Amino acid sequence: MKKVFSICMAIAAFIVIPAMAGAARKVNIAFDKYHGYAATADYLKAVEKAYPDIAELAEIGKSAQGRPLYVLVLTNKKTGTTLDREKKLVYERKLEVPNPPLLPLDLGKPGHFISGSAHGNEMTGTEVCLYVIDKLVSGYGTDNAVTSLLDSKVFYICPVIDPDGLCTALEAGAPGRKDLNGDKLFSQVRYKSATGEWVKDPSDPRVMLCAARGEYPGAERYVVINEAATDRGVDLNRNFPEGWWKGDVMPDVSYVYTDRMSGYRGDMWPAGSGEFATSEPEVQALCEFFVTHPNIIMANVYQTAGGFVYRPLGASGDRRVEPRDIIVYDRIMGKKYLELIGADVPSAWTSSDALASGKEALAAGARKQAAARGYLFPAEWKSPYDETTGNGAHGLMTDWLYKQNGIYAIETHLWNPGRDVPELNGLKKEALPKALADYGARNSLFLDWKPAKHAEYGDVEVGGWVGGIGGDNAFPGAILEKICERQWTYDLYRTELMPQLQINDVRVTKKTEGGTTVLEITAEVENTGALPTTLQRAETMPMNRGDVVWLIGENNKLLFLSGKACQKIGTLDGTLAIPDTPAGKSKATVRWIVSPQGNEKIKVVASSLKGGTVVKQVKY
């Protein structure tokens, strides 16, 4: 059985649905406290109830301990279509065997997936998910941009990937919790160990510093765990199929892997990956969800901390990332992210001359992948793959989403104390955790260390950060809201990049002779979105049928004289020019000559797995 554990703190938030008849319904939510799993689930259910026209809550699976794994689907339920709704079955099933059910309307719209709490003690991402939900549901019908997006696109929001871990972190009465010192707060535990990875800050013994082997010689070494920790766990973000690797050791054998946390620790690397890929029920549920939702083209996995973005591929670096996808990732999405957080944008991302110079300058070095790109990664936007040592990160969710599903997947590490707490900006090394401890003490988020007894480790000290806040998570209130708003702005931008098919024009030339009608039908289809209708990676995937245009008779009574009923049009480029990439076609024209039998109603249906499905009636 999988074990989970985390820093714990009982936090609640009130969810109120105004009961005024006829009034605009609103689910109130505040971000001055962390919600935890139970309050998050209650909020999702309240949103579904309050906004039935745009919200539907799906339970896609259960956690190891039986908690529901929820995805909130947000889109206008009255708009859109799917190909199977427009094209009737030619041979319907007989007797008692039912025909396949119609696909949900959301599968006919470009999809954006966001998620939080892949690690149970990193709950900042859950709050960002809730903030995005609030922005979308409260903005629909009042904000033109939000309304337009929900009419034509769909958001899939999974605020909690690891329900057990988050519940252990924040819920009162969660299994395995023990308040060691009876203060009704759940903070950290430290105890001496020769193999520990933590030392006391020489200038402030309250603060624990993560220290590599050889650092701080002579200092006593400590293990620092969560107060509610009882055992080791599996890192869900090392359990996905792409690049999964167990290594030479069994997972869950090192004390450093607590609360499904992952890391790289000598010959234990990489542990926490599970017994086999998708061994964890949460990962199984997510994989099934993505396979059955091929319309998803954007995904963001919210994590903490660090204040940076990882983009694929962690297992192998850019060797297996397509050139056009690298450009879109770095020089379009990455550039926008750096601008948003106020970081420097590499000159190679904005200047072709600088890009050429970068390739020349890096050519003689050991970083072949960087030389091929023409630039080193900035600290705030990078790949988990170490191009210097060749070490990779295996079994990542974003790698699997990109490589096997053709999705622009990224992993955003939301919280950077030095940047997000203005009065701490610029502090380095020991000074930063000391200042954070002072800040936390002033706000009752950091506790002095006090002796206690632990059932497994004996004499320990309890204290440090409360509820993972300050170390792993942003301070609630104005600082958390600032992070939420920044991330909402960025993911709104990414949503606006998504492709969108449109049928511009349908022209008909009609000839009738001897009671026979012949129609020449020409249709123009366009991608009006910013990016192409599929990633370069996805163009060669076996499951990608490409963009198609159908001419469909309502009763299958069309005689095709020229042109097949279904015509492939390939990938359509978008309206955004991709740097150093030859311009392709954003429009396609298809032509048929048909003879309708009787008064057959005819329609043109354009369908793209990730660019949406649209329909237009043919008038003749």
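This is a predicted model: local features need pLDDT of at least 70, side-chain atom pairs count only at pLDDT 80 or more; totals for chains, interfaces and linings use all residues.
Asp438 is partly exposed, at a relative accessible area of 27%, where partly exposed covers the range between buried, under 20% relative accessible area, and exposed, over 50%, with a 1.4 Å probe and protein chains only. The residue lies in helix 12, residues 431-442; helices here are DSSP runs of H or I with at least four residues, strands are runs of E with at least two, and both are numbered from the N terminus.

Residues are numbered from 1 along each chain as its sequence is written, and side-chain values use heavy atoms, with hydrogens and water left out.

Which residue does the side chain of Asp438 contact? The partner is the side chain of Arg206, in a polar contact of 2.4 Å. A polar contact is a pair of N or O atoms within 3.5 Å; within protein, one atom must be able to donate a hydrogen and the other to accept it, and residues adjacent in sequence count only if both atoms are side-chain atoms. The C-alpha atoms of Asp438 and Arg206 are separated by 9.7 Å.

The side chains of Arg206 and Asp438 also meet in a salt bridge, 2.4 Å from N to O, the term meaning a side-chain nitrogen of Lys or Arg within 4 Å of a carboxyl oxygen of Asp or Glu. This pair links distant parts of the chain, with Arg206 in strand 7, residues 204-210, and Asp438 in helix 12, 232 residues apart. Arg206 has a relative accessible area of 19% and is therefore buried. A salt bridge also joins the side chains of Arg206 and Asp204, at 2.8 Å from N to O, and Asp204 is buried as well as Arg206.

How many salt bridges does a search of the whole structure find? The search finds 25 salt bridges. One of them is between the side chains of Asp330 and Arg311, at 2.8 Å from N to O. Through shared partners, salt bridges join Arg311, Asp318, Asp330, Arg373 and Glu387 into one network.

An open sheet of eight strands has the order 1-2-4-3-9-12-10-11, with mixed pairing; two strands pair if DSSP finds at least two bridges between them. Strand 1 (55-62) and strand 11 (381-382) stand at the edges, each with a single partner strand, so one side of each has no neighbour in the sheet.

Within this sheet, consider strand 3, residues 111-115. Five of its five residues are buried, so strand 3 is largely enclosed by the rest of the structure. In a regular strand the side chains alternate between the two faces of the sheet. In strand 3, Gly111, Phe113 and Ser115 point one way, while His112 and Ile114 point the other way.

What does strand 3 pair with? Strand 3 pairs in the parallel sense with strand 4, residues 154-158, over five bridges, and five bridges also join strand 3 to strand 9, residues 296-303, again running parallel. Phe113 has Tyr156 as its bridge partner in strand 4 and Ala299 in strand 9. Ile114 stands opposite Ile157 of strand 4.

A further open sheet has four strands in the order 15-16-20-18, with antiparallel pairing. Its edge strands are strand 15 (501-513) and strand 18 (558-562), each pairing on one side only. Strand 18 pairs with strand 20, residues 587-596, in the antiparallel sense over four bridges, and Leu558 has Pro596 as its bridge partner in strand 20.

Finally, the helix packing. Helix 3 (residues 124-139) and helix 13 (residues 478-496) pack at an angle of about 60 degrees, with their axes 9 Å apart; axes are lines fitted to C-alpha atoms, for helices over the stretch in contact, and angles run from 0 to 180 degrees between N-to-C directions. That angle makes helix 3 oblique to helix 13. Angles under 35 degrees count as roughly parallel, over 145 as roughly antiparallel, 65 to 115 as roughly perpendicular, and the rest as oblique. Helix 1 (residues 36-50) packs against helix 3 at about 15 degrees, with their axes 12 Å apart, and the two are therefore roughly parallel to each other.
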